[in-house]
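Please read this briefing with the sequence and the model side by side, and look up each residue as it is named.

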Amino acid sequence: NTLFAAAGVPAEVSRDVSESLVEANLKGHDSHGIAQVPGYIAKVLKGELDPAMEPVILRETPTTALVDGKWGFGQITATFATDVLIAKTLEAHVAAVGIRNCNHIGRLGRYAEHAAEAGVLAMVTLCGGGLGTSTTPYGGMAKTLGTNPFAFGVPAGEQPTMVVDFATTMVAGGKVAQARDRGESIPVGWIQTKDGLPTTDPNEMSRGAMLLPMAAHKGSGLSMVAEALGGALTGATRFQAGESSRNCVFMWGIRIDSFQDADEYRLLEDRAIDKIRRTPPAPGFEKVLVPGDPERMTQAAREQAGVPIPDGTYKSLREMAQRLGVLEAIPSLK
């Protein structure tokens, strides 16, 4: 909050964005946590992110809406859009919302889970582009795709909400950066060099390496669907020359009582989840997990033991604090 305040971010916006980032750390998604702070502030200082800007609805029907983020914080825009989606879905049973002019929105699962907790089975996806494009399609050797993630929020009854959240690449780009900050190598298959060769060195990303799609051609195809929904359908992919990056977002929802009583839906979804939990584990596994379990387990552990911060992330925060004249906000560990 101190760093955001020093960069001119309004207090309420700072609180909401910080909450989103810390939640990502607590759930184990460190690549979408406070490691993003220096980059966000750099965009504020360059005028690429207006911290005081509020999203607006450009056009809408009873079941759709197009939101303009106006280059404010992506988390603020995506939360606004999710609330619009929830309201329209609860009214009309099914709805879809697109977002233009949007900065990085953070962890997609946050928005899908928010909708699910309101009784809406939701999907959120996005595509990226501009100079920030990071991924090559299957069989390619150039960056023409983003990580283009998908998230699903599935309401249940007695079982906790199921949250499925994944990039269409082998790994999110931020996880490669986290490995770099920790001085660790990465598995073969995460990235390839600019010459198309496999590598385990995360530092290759700064030398032109590119992320690889998950599941070969299947990941490429799913990534292109994200571009169709988040980009072509919403009109959000009209990039400007030299633009660094943007999130082109699409979300849809369906009310869980659209085909039957909500209680019956929740009963059947509980059974589906319980069936997976009761599956005998394979050798080397303690138990079979349901999507969302790892995040809940990590959050419980980190709320007790704290959140580990890689040296590289800490250094970046210190450097930004010094640049803003608030170095005391990130004390030295010496």
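In this predicted model, a search of the whole structure finds 3 aromatic pairs, where rings of Phe, Tyr and Trp (its six-membered ring) pair if their centres lie within 6.5 Å, with planes under 30 degrees apart counted as stacked, over 60 as edge-to-face and the rest as tilted. Because the model is predicted, local features need pLDDT of at least 70 and side-chain atom pairs count only at pLDDT 80 or more, while totals for chains, interfaces and linings use all residues. Residues are numbered from 1 along each chain as its sequence is written, and side-chain values use heavy atoms, with hydrogens and water left out.

**Aromatic pairs**

- The rings of Y40 and F73 have centres 5.9 Å apart and planes at 70°, so this pair is edge-to-face.
- Y40 lies in helix 3 (residues 37-45) and F73 in the loop between strand 2 and helix 4 (74-92), so the pair ties together parts that are 33 residues apart in sequence; helices (H or I, at least four residues) and strands (E, at least two) are DSSP runs, numbered from the N terminus.
- Y40 counts as buried at 3% relative accessibility, and F73 counts as buried at 2%, where buried means under 20% relative accessible area, exposed over 50% and partly exposed in between (1.4 Å probe, protein chains only).
- The rings of F150 and F166 have centres 6.2 Å apart and planes at 20°, so the pair is stacked.
- That pair links distant parts of the chain, since F150 belongs to strand 5 (residues 150-154) and F166 to strand 6 (residues 162-166), 16 residues apart.
- F150 counts as buried at 3% relative accessibility, whereas F166 is partly exposed, with a relative accessible area of 25%.
- One aromatic cluster is formed by F4, Y40 and F73.

**A hairpin of two strands**

- Strand 1 (residues 56-60) and strand 2 (residues 64-68) run antiparallel and are joined by 4 bridges, and two strands pair if DSSP finds at least two bridges between them.
- Strand 1 and strand 2 form a hairpin with 3 residues between them, and the bridge partner of I57 in strand 2 is V67.

**Two helices**

- Helix 10 (residues 311-324) has 14 residues and reaches 20 Å from its first C-alpha to its last, close to the 20 Å expected at 1.5 Å a residue, the expected span being 1.5 Å times one less than the number of residues.
- Among the buried residues of helix 10 are Y314, L317, M320 and L324, and the buried residues of this helix pack against helix 1 (2-6), helix 3 and helix 6 (173-182), where contact means heavy atoms within 4.5 Å.
- Just after helix 10, G325 takes a positive phi of about 80°.
- Helix 4 has 19 residues and reaches 26 Å from its first C-alpha to its last, close to the 27 Å expected at 1.5 Å a residue.
- The buried residues of helix 4 include A78, A81, L85 and I86, and helix 4 is followed by H93, whose phi is positive, near 80°.

**The protein as a whole**

- The secondary structure comes to 10 helices and 9 strands.
- The radius of gyration is 20 Å, close to the 20 Å that the globule rule gives for 334 residues, so the protein is as compact as a globular protein of that length; the radius is taken over C-alpha atoms, and the rule is 2.2 Å times the number of residues to the power 0.38.
- Buried residues make up 45% of the 334 residues.
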